[in-house]
Amino acid sequence: MSSNIDTDFLLIGKLSQGRSATENSILRNESFKSSSAMADVTANLDFDYAFVEGRLIKVVDTPGLRDLNCSSVIRFGTRVTEEELNNIVSLLKAEFGEKFAKEFCIIAMTCGDLFQQEYGKENVSFQQWCQQQTGAFKQLLEECSGRIVLFDNVVEWIPFQKTPATPIAT
């Protein structure tokens, strides 16, 4: 079956990590209700379309994952534990196949404005910051072939920056 959609986005993540705000940033409109409340705003699976820079984009909004403790949308400044990493990778592989994360996943990190506040004065780029990471976050980044994007949902999103998937010397 042929699709006229150029790109599909499905964002999954924990409660209050900025999924809906990020989805609105991708679509460049207010398609999904977003709130700073700690309760999940999204109750059901929903989707919307938009033309963005000449491409038809589809974004699927999902409820927050509670029981799986899983996060593919990560808020800048939060920690990713080994358990969360295993849950993320296991969930994606079980649902979409062994190579899904390596071939298709992009980590979406929200709160880019906080990154700018903390590292902007030091002239540290997001790519440099990613290369300096260790532990579970580094493993998740490698599992996604180094694909990560930092979103500043307050102003606008910061363009995709691919980091090397090769091991980083420590």
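Modeller: Start with M109, which stands opposite L150 in β6. This is a predicted model: local features need pLDDT of at least 70, side-chain atom pairs count only at pLDDT 80 or more, and totals for chains, interfaces and linings use all residues. Numbering runs from 1 along each chain as its sequence is written, and side-chain values use heavy atoms, without hydrogens and water.

Biologist: What makes β5 and β6 a pair?

Modeller: Strands pair if DSSP finds at least two bridges between them. Three bridges join β5 to β6, so they pair, and they run parallel. Strand β4 (residues 73-75) is also joined to β5 by three bridges, again parallel. There, I74 is the bridge partner of M109.

Biologist: What are the strands themselves, and how many are there?

Modeller: Strands are DSSP runs of E, at least two residues; helices are runs of H or I, at least four; both are numbered from the N terminus. The chain has seven strands and six helices.

Biologist: Which way do the β5 residues point?

Modeller: I107 and M109 point one way, A108 and T110 the other. All are buried, meaning under 20% relative accessible area (1.4 Å probe, protein chains only).

Biologist: Why is the set around M109 called a nonpolar core?

Modeller: Because such a core is a set of buried Ala, Val, Leu, Ile, Met, Phe, Trp, Tyr and Cys residues joined through side-chain atoms within 4.5 Å. The largest has 26 residues; M109, F126, W129 and F137 have the most contacts inside it.

Biologist: What does W129 touch?

Modeller: Contact means heavy atoms within 4.5 Å. Not counting residues up to four places away in sequence, W129 touches F76, M109, F115, Y119, V124 and F137.

Notes
Buried means under 20% relative accessible area, exposed over 50%, partly exposed in between (1.4 Å probe, protein chains only).
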